[in-house]
Amino acid sequence: MVKNITADGWRNRLADWFPDREFFMRSQGQVRFIKVSSKVQKIAALVVLAALLAWGISMAVMAWAQYQAQAERSSLLEREARVATTQERIDAYSGDIDKVAADLAARQDFVEAAAAALPEDITDQSEADTVSDSASEATETVSKISALIPEAAALAELEARQLAFVERLTRFADRRAARAASAIRQLGLDPRAIEQSASQEAMGGPLNTLSTSADGNIDPRFERLGLSMARMAALERGLQGIPQVAPANPESISSGFGYRRDPFTRRGAMHSGLDFKGPRGAPIYSAAQGTVSYVGWKSGYGKTVEVSHGNGLMTRYAHMSRFAAAVGQDVAAGDVIGAIGNTGRSTGPHLHFEVRINGRAVNPRPFLEKAPHVLKKARAADAPRQPGE
């Protein structure tokens, strides 16, 4: 009985919230009535509620993914403080020197592969406080092993040098990643989104595990280096994919981004890119490194080329007279991908250039104006120092 009363109460309340409504419209002396039933209103309310719920769930999933990534990084930093003690390393050398030698050989391969991916100048330790420092522990380990197990002294010294080099590599990768992240923020983008996008890219290959101890575990300092290098690589790839080269003569911009009077209808309309006027056949350049994702005709755009730069960023080049690129082709910033034309909805030869992030058009001008200076500064910071500098 109580349940029925409650159900009836809710029905009555919904009926009060969504009564049948009538609207009238007056046009040219005529009056028209439009009726919106209670059922239609309820359905519309459910659709809006479902959309809000889906948005809330997606935001929660993104927040949880970021929390997990941060938690994993924090856990690794905590583990760095609990690396193998001197006594544990002595026990390892005492148990099986051949096994230790094999582990160190595998570690040396890892170190050499990591070093090959970085420039020669990695001596700057301005961010030493962000990475562990095993110098004193390694010195003590070498001293004790040399005294207790003389035949293992050379291996202990090699291990100490490896750890010192790994920590230097990690500092260098962290410093490069920080510079790339700063440059990305200066260009109005979120480096965290670029990292997250990179972690979701397709990848694979044979499993080659790196064991740095007899029990099969990996030293957290090596794992930290791997994470730091992956973050650096992702951010620097993202930086290279940001529009940084004018696709045509930058002094020939004839129409900007935003609302303008449409040249055909003469009414206000949104212009989603920049127009570069120029003679038919003048070259069009890729604004950044990427992969050609579309070549063909688009309604309104005419002959069009689109280049995907990763991380949801895409550039579009329209009204071309001819193509100089193919789908799947990798292009660098400044590569010729087509020529200016007058195809599609166009009043004369020009290039219509768009920058889109996750499908949404954004103003290309800030990228073209700021990116060259930001990238030049970031690259100058990574250039090897000359003697005496």
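Leaving aside neighbours within four places in sequence, F353 is in contact (heavy atoms within 4.5 Å) with P247, G273, L274, F276, A287, T315, R316, Y317, P364 and L368. The model is predicted: local features need pLDDT of at least 70 and side-chain atom pairs pLDDT 80 or more, whereas totals for chains, interfaces and linings use all residues. Residues are numbered from 1 along each chain as its sequence is written, and side-chain values use heavy atoms, with hydrogens and water left out.

F353 also belongs to the largest nonpolar core, which has 45 residues. Such a core is a set of buried Ala, Val, Leu, Ile, Met, Phe, Trp, Tyr and Cys residues joined through side-chain atoms within 4.5 Å. Buried means under 20% relative accessible area, exposed over 50%, and partly exposed in between (1.4 Å probe, protein chains only). Y317, I337, L351 and F353 touch the most other members. Two or more residues each come from α6 (153-186), α8 (220-240), β6 (274-277), β9 (302-308), β10 (313-323), β12 (336-340), β13 (350-357) and α9 (365-382). Helix α6 gives the largest share, 9 residues. Helices (H or I, at least four residues) and strands (E, at least two) are DSSP runs, numbered from the N terminus. In soluble globular proteins, nonpolar side chains tend to be buried together.

Strand β10 also holds H319. Phi of H319 is near 65°, a positive value in a residue other than glycine. H319 is buried, at 4% relative accessible area. A polar atom of its side chain lies 2.7 Å from the backbone oxygen of T343. Beyond four places in sequence, the contacts of H319 include G300, Y301, K303, I340, G341 and N342. T343, G344, R345, S346, H350 and H352 are also among them.

N358 likewise has a positive phi, about 55°, and is not a glycine. N358 is found in the loop between β13 and β14 (360-362). The residue is exposed, with a relative accessible area of 66%.

I57 sits in helix α2 (residues 38-80). I57 is partly exposed, at 48%.

Conventions
A polar contact is a pair of N or O atoms within 3.5 Å; within protein, one must be able to donate a hydrogen and the other to accept it, and residues adjacent in sequence count only if both atoms are side-chain atoms.
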